[in-house]
Amino acid sequence: MSTLLTLDTATATGWAFGPVDNLSECEYGTITLENTGDDLGSFFAEFEDRLRDLIQSLKPELLVFEAPILYRTNTQKKILRKLYGLTAYAETTGLKAQVRVAEADLTDIRTHFIHRTQAPRSIPKKDRTKWLKGTIMEQCRRMGWNPENDNEGDALALRSFVIWKATGFLHPTLVTDLFQEAG
């Protein structure tokens, strides 16, 4: 049996872990990193330490993280470094632990999990990200999970996507678009 650890990397990194052959059998949580201000070295060192501990505890055979995505062109350099740095450290930490590592694209994950990549146009622009996160959380609950935050929800959505790609298993709630009424 192969085991899978999925990560939604951010200052609050959501994670989900369990066997690849059983979508429902999993545990999930959040790694919350300290605010280090401009000291990115300490930020990455803490992430690496916490992820290494999680990998040593769970012993996954595959680690998959969500590829970083930039929503606007004026993203600050420090935020860019954090986004790309977290995924680089996730990949490096997995490599050091002899865990296979892969990444998945956010649009593929969302299309699989909620049948859309963007919120409906009827949702005010300022509320669209919140709507997407809420929709993912709602789908998680429909699948029997109860994530505490959207970071965990995103890690669970990624878990579902990876399992679908690896085994072809599609949870019954994902077969039809349950969100058609949202426009």
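A residue is called buried when its relative accessible area is under 20%, exposed when that area is over 50%, and partly exposed in between (1.4 Å probe, protein chains only). This is a predicted model, in which local features need pLDDT of at least 70 and side-chain atom pairs count only at pLDDT 80 or more, while totals for chains, interfaces and linings use all residues. Residues are numbered from 1 along each chain as its sequence is written, and side-chain values use heavy atoms, leaving out hydrogens and water.

Helices (H or I, at least four residues) and strands (E, at least two) are DSSP runs, numbered from the N terminus. Which residues of α3 are buried? They are L106, I109, R110, H112, F113 and I114. These residues cover an arc of only 165° around the axis, so they sit on the same side of α3; the arc is that of the directions from the helix axis to the C-beta atoms. Among the elements that cover them are β4 (62–66), β5 (100–104), α4 (128–142) and α5.

**How α3 packs on α5**

Two packed helices are described by the angle between their axes and the distance between the axes. For α3 (residues 106–114) and α5 (residues 150–167), the angle is about 90° and the axes are 9 Å apart. That is why α3 counts as roughly perpendicular to α5. Here the axes are lines fitted to C-alpha atoms, for helices over the stretch in contact, and angles run from 0 to 180 degrees between N-to-C directions. Angles under 35 degrees count as roughly parallel, over 145 as roughly antiparallel, 65 to 115 as roughly perpendicular and the rest as oblique.

On the α3 side, D108, I109, H112 and F113 take part, and they meet A157, L158, S160, F161 and W164 of α5. Contact means heavy atoms within 4.5 Å. Sorted by class, this contact of α3 with α5 has six nonpolar, two polar and one charged residues. The classes put Ala, Val, Leu, Ile, Met, Phe, Trp, Tyr, Cys and Pro under nonpolar, Asp, Glu, Lys and Arg under charged, and the others, Gly among them, under polar.

S160 is buried, at 2% relative accessibility. Setting aside residues up to four places away in sequence, S160 touches L23, H112, F113, M143 and L174.

V162 is also placed in α5, and V162 is buried with a relative accessible area of 11%. Its contacts, not counting residues up to four places away in sequence, are L4, T6, L62 and V64.

**A residue in strand β5**

V101 is found in β5 and counts as partly exposed, at 27% relative accessibility. Leaving aside neighbours within four places in sequence, V101 is in contact with L62, L63, F65, E91, G94 and L95. V101 and L4 are 97 residues apart in sequence, with their C-alpha atoms 10.0 Å apart in space.

Most residues other than glycine have a negative phi, and most peptide bonds are trans. Where does K59 lie? K59 is in the loop between α1 (40–58) and β4, and has a positive phi of about 60° although it is not a glycine. K59 is exposed, with a relative accessible area of 60%. Q98 has a positive phi of about 60° and is not a glycine; Q98 lies in the loop between α2 (77–96) and β5. At 75% relative accessibility, Q98 counts as exposed.

**Some C-alpha separations**

| Pair | Apart in sequence | C-alpha to C-alpha |
|---|---|---|
| E148 and E61 | 87 residues | 25 Å |
| V162 and I55 | 107 residues | 18 Å |
| K96 and I114 | 18 residues | 34 Å |

Of the residues listed, E148 lies in the loop between α4 and α5 and is exposed at 72% relative accessible area. K96 is found in α2 and counts as exposed at 61% relative accessibility.

**Cysteines**

How many disulfides are there? With a disulfide taken as a pair of cysteine sulfur atoms within 2.5 Å, the count comes to zero. The closest cysteine sulfur to that of C26 is in C140, 9.1 Å away, which is too far for a bond. C140 is buried, with a relative accessible area of 0%.
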